[in-house]
Amino acid sequence: QSVPLEGISAINVSYHSDRLVLGTSPDNTLIVNEYFKKGVAPSAFARISVGGGRVTVKTGTRFMMVWPATRIEILLPAGWGGSLQLSTISGSIQSESAWRLSSLQAKSVSGKIQLEDVSAGMMRRSSTSGSILLGRAAGNMELSSVSGSVKVEHAEGLGSFKSTSSSIRVNFAALAGPVEASTVSGGVRLN
């Protein structure tokens, strides 16, 4: 499925038990590719709505006997710089592309969040039982994990980093404000 992004400033993507992979589209459209293990009814595919400068993508109607999609590709134009919200309950969120966004919120209950290169005015990423792994991250960061590690290879900006039962490691290339880091039963390393 595809949606033209002219006049769109926000995209919200919400799935249940699927792996979300963020990539680049060839033109100024949002493209959603869903790959299922078995054939499914058309109602199992994403429901997409557009209104008020926002695109909302939600999991289609799935019944207990329907296999979850193995992979969901969310393809955006490389130059799109709006607000992006991604969430999945029991899947991971991944991207190897570079993103320059006004804001990014990524949430997974039981999957890791792994993004290679993101710059955003505000970044919120949270995972309950998965790690948060970022290559390059720039902006105001709020990263939290309950039972997974938080790791940023190349950070620029400021932020808050929390983990309940694992380690936090953030390598700063440039600071732009206060930094807070806390863990209950893991180590903290800020460079």
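Leaving aside neighbours within four places in sequence, with which residues is Arg-124 in contact?

Close-up 1. Arg-124 is in contact (heavy atoms within 4.5 Å) with Leu-104, Gln-105, Ala-106 and Glu-142, its neighbours within four places in sequence being left aside. Arg-124 belongs to strand β10, residues 113-127 (strands are DSSP runs of E, at least two residues, numbered from the N terminus). With a relative accessible area of 40%, Arg-124 is partly exposed (buried means under 20%, exposed over 50% and partly exposed in between, for a 1.4 Å probe and protein chains only). Between the C-alpha atoms of Arg-124 and Gly-187, 63 residues apart along the chain, the separation is 21 Å.

**Close-up 2. The aromatic pair Phe-36 and Phe-45.** Two aromatic pairs occur in the structure (rings of Phe, Tyr and Trp, the last by its six-membered ring, with centres within 6.5 Å; planes under 30 degrees apart are stacked, over 60 edge-to-face, the rest tilted). Ring centres of Phe-36 and Phe-45 lie 5.1 Å apart with planes at 85°, so this pair is edge-to-face. Phe-36 is buried at 16% relative accessibility, whereas Phe-45 is partly exposed at 31%.

**Close-up 3. The aromatic pair Phe-161 and Phe-172.** The centres are 6.1 Å apart and the planes at 75°, so the pair Phe-161 and Phe-172 is edge-to-face. Because Phe-161 lies in strand β12 (residues 150-163) and Phe-172 in strand β13 (residues 168-183), the pair ties together parts 11 residues apart in sequence. Phe-161 is buried at 0% relative accessibility, and Phe-172 is buried at 16%.

**Notes.** Residues are numbered from 1 along each chain as its sequence is written, and side-chain values use heavy atoms, leaving out hydrogens and water. Local features of this predicted model need pLDDT of at least 70 and side-chain atom pairs count only at pLDDT 80 or more, while totals for chains, interfaces and linings use all residues.

Note on methods
Helices (H or I, at least four residues) and strands (E, at least two) are DSSP runs, numbered from the N terminus.
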